[in-house]
Amino acid sequence: MIRVAVVGCGLIGRRRAAEIHRHPASSLGLVVDIHPPAAAALAEEFDCPTATDWHQVLEDPSLGVVVVSTHNGLLAEITTAALAAGKHVLVEKPMGRNLAEAQAMAAAATNRVLKIGFNHRYHPALARAHQLYRQGLVGELINLRAYYGHGGRPGYEREWRGDPVLAGGGELTDQGVHIVDLIHWFAGLPQEAFAYLQTVVWPIEPLEDNGFGLFRYPNGVVANFHTSWTQWKNLFSFEVFGREGSLSVSGLGRSYGIERLVIARRRPEGGVPDLTEEVFDQPDSSWRLEWEEFIAAITQGEVYQGTPAEGLAAMRMLQALYQAARTGAVARV
Ligand SMILES: NC(=O)c1ccc[n+]([C@@H]2O[C@H](COP(=O)([O-])OP(=O)(O)OC[C@H]3O[C@@H](n4cnc5c(N)ncnc54)[C@H](O)[C@@H]3O)[C@@H](O)[C@H]2O)c1
């Protein structure tokens, strides 16, 4: 039985705790939050001890794994310390507040599993689209297009997401890191990046509430996306276009709508393409699948997603986007 500590018992810490508890090979050994009621709520639900100081995790050899789900400002510090103390770590996205923090985490992961929480890869429509793409269903890749957003909320400037020191970036980082990871997953690392940022509704300057990103690959493939905290009706859309057809994922369940994959295959003679729709209307299983993969990586050395290299790639892509937005010039990734 692998004993796990969860550091940061907010929205995501609770999600992780439920999967740790459910998995037959893992159990909750400690839940840590600087805000005692947050840890107490998990302790009551999952019957485990609590702490307020995360350093306590480092001193307990019976805790083999740490889930780091605090605000972004502590992800790197806790992760590097936990790895140095010999723990395996699942750290939430983004991989720190910037590339330098991501590099520090990757460097500390010498003989332990470090996994970055890119749970979107486990959403069934995205996983299926990726599988079909890799099988060559839509032919050679031409371009990718994505939209992701929600409507934010009044008071953002008082939350960690509205604080540059605790968040590292605005919406381009928050939901945008999932999009850049998906782009990297399908198409690899781009060569060039360009971006425009806006801060138009929420008073969170210098952070952005909207990010518009553009990537170009050496072979001419282009990816573009828009992430938004002024997307009043929640939206997720990720589309992959090949010479022979397209794969269009929409929805992530719940407020983002039912998850669907529309497969279009163009006809040689033109006209309306062959269309197939796959609907994934089961409850979100991404957190469970991600946890199962992490445990298999630890116990059986299985290949896993969200490796340090993949986390670093996403942070390089974000860094190039921010640089382009700042300078007004195309940036090398
Ligand atoms: N994979 C995803 O789709 C996804 C979705 C949302 C958030 N996230 C990531 O998960 C992380 C947490 O986000 P959230 O929405 O759960 O935030 P949250 O604000 O709900 O939870 C963060 C928790 O960390 C606690 N905390 C703060 N400082 C601490 C400290 N020194 N020691 C211990 N606990 C401390 C806070 O009290 C709070 O309970 C962020 O990195 C975020 O980017 C990932």
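How many of the five residues of β5 are buried, and how far is this strand enclosed by the rest of the structure? The model examined here is predicted; local features are reported at pLDDT of at least 70 and side-chain atom pairs only at pLDDT 80 or more, while totals for chains, interfaces and linings use all residues. Residues are numbered from 1 along each chain as its sequence is written, and side-chain values use heavy atoms, with hydrogens and water left out.

Helices (DSSP runs of H or I, at least four residues) and strands (runs of E, at least two) are numbered from the N terminus. Five of the five residues of β5 are buried, so the strand is largely enclosed by the rest of the structure. Here buried means under 20% relative accessible area, exposed means over 50%, and partly exposed lies in between, with a 1.4 Å probe and protein chains only. In a regular strand, side chains alternate between the two faces of the sheet. In β5, His88, Leu90 and Glu92 are buried on one side, and Val89 and Val91 are buried on the other. Strand β4 (residues 65–68) runs parallel to β5 and is joined to it by four bridges; two strands count as paired if DSSP finds at least two bridges between them. Within this pair, Val68 stands opposite Val91.

The peptide bond between Lys93 and Pro94 is cis, with omega about -10°. Helix α5 then packs with helix α11 (residues 308–327) at an angle of about 170°, the axes being 9 Å apart. Axes are lines fitted to C-alpha atoms, for helices over the stretch in contact, and angles between N-to-C directions run from 0 to 180 degrees. The two helices are therefore roughly antiparallel, a term for angles over 145 degrees. Leu99, Ala102, Gln103 and Ala106 of α5 meet Pro308, Leu312, Met315, Arg316 and Gln319 of α11, contact meaning heavy atoms within 4.5 Å.

Seven bridges join β9 to the antiparallel strand β10 (residues 222–228), and Leu214 has Asn224 as its bridge partner in β10.

Strand β13 also holds Glu259. This residue is buried yet has no salt bridge, and the nearest side chain of opposite charge, Arg260, is 10 Å away. Lys and Arg count as positive and Asp and Glu as negative, with His and the chain ends not counted; a salt bridge requires a side-chain nitrogen of Lys or Arg within 4 Å of a carboxyl oxygen of Asp or Glu. Leaving aside residues up to four places away in sequence, Glu259 touches several residues, including His123, Leu126, Leu252 and Phe280.

Arg254, between β12 (245–250) and β13 (259–265), has a positive phi of about 45° although it is not a glycine, and it is exposed at 79% relative accessibility. Asp47, in the loop between α2 (36–46) and β3 (50–51), has phi near 55° and is exposed at 71%. Finally, the bond from Glu205 to Pro206 is cis, with omega near 10°.

Methods: Parallel < 35°, antiparallel > 145°, perpendicular 65-115°, else oblique.
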